[in-house]
Amino acid sequence: QVQLVESGGGLVEAGGSLRLSCAASGSTFSIATMGWYRQAPGKQRELVATITNWGNTNYEDSAKGRFIISRDNAKNAVYLQMNSLKPEDTGVYYCYARYFSATVAPSWGQGTQVTVSS
């Protein structure tokens with residue numbers, strides 16, 4: 001199994017930037033895709049961005065052009081650079097890891113709060 005620990009959340013004004021980090025430990029060799037999900041108050045958890053082991057990225061529409069996901073396989077870490085933040089970006093951001101084996105359930109971090117004030 002893999003343990004995921006996020007850091008980097010906080011309070012920022014609209015238009016500002018934050019960089020989230022997620023460190024993975026354990027059986028990291030088994031990770032195929034890592035990414036970030038967001039859960040806003042009263043809403044379901046939704047995809048923000050993902051990156052595969054080979055560096056292929058995928059972004060939710062509102063994140064395109066503002067957020068950049070990156071991955072350091074040597075450090076078993078994934079990052080989310082968030083620029084031009086908007087109040088609607090507010091929520092708890094969860095790090096996510098999906099494995100090469102489809103029979104193993106994905107892993108989630110404990111979440112980090114991002115609050116964007118208007």
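Start by selecting Y37. Keep in mind that this is a predicted model. Y37 has a relative accessible area of 19%, and the cut-off for buried is under 20%, so Y37 counts as buried.

At 36% relative accessibility, W108 is partly exposed. Next comes Y96, which is buried at 9% relative accessibility.

A search of the whole structure turns up four aromatic pairs. One of them joins Y37 and W108: the arrangement is edge-to-face, with 5.0 Å centre to centre and 75° between the planes. Y37 belongs to strand β4 and W108 to strand β10 (residues 107-108), so this pair ties together parts that lie 71 residues apart in sequence.

What about Y96 and W108? Their ring centres are 5.1 Å apart and their planes stand at 55°, so this pair is tilted. Y96 is in strand β9 (residues 91-99) and W108 in strand β10, so here the parts tied together are 12 residues apart in sequence.

Now go to R38, in strand β4 (residues 31-39). Is R38 buried or exposed? Buried, with a relative accessible area of 3%. Show the side chain of Y93 too, and you'll find a polar contact of 3.0 Å between it and the side chain of R38.

Select R19 and Y79: the charged end of R19 sits over the Y79 ring, 4.2 Å from its centre. Then pick R45, which lies over the face of Y94 at 3.7 Å from the ring centre.

Notes. Residues are numbered from 1 along each chain as its sequence is written. This is a predicted model: local features need pLDDT of at least 70, side-chain atom pairs count only at pLDDT 80 or more; totals for chains, interfaces and linings use all residues. Side-chain values use heavy atoms; hydrogens and water are left out. Helices (H or I, at least four residues) and strands (E, at least two) are DSSP runs, numbered from the N terminus. Buried means under 20% relative accessible area, exposed over 50%, partly exposed in between (1.4 Å probe, protein chains only). A polar contact is a pair of N or O atoms within 3.5 Å; within protein, one must be able to donate a hydrogen and the other to accept it, and residues adjacent in sequence count only if both atoms are side-chain atoms. Rings of Phe, Tyr and Trp (its six-membered ring) pair if their centres lie within 6.5 Å; planes under 30 degrees apart count as stacked, over 60 as edge-to-face and the rest as tilted. A charge sits over a ring if NZ of Lys or CZ of Arg is within 6 Å of the ring centre and within 35 degrees of the ring normal.
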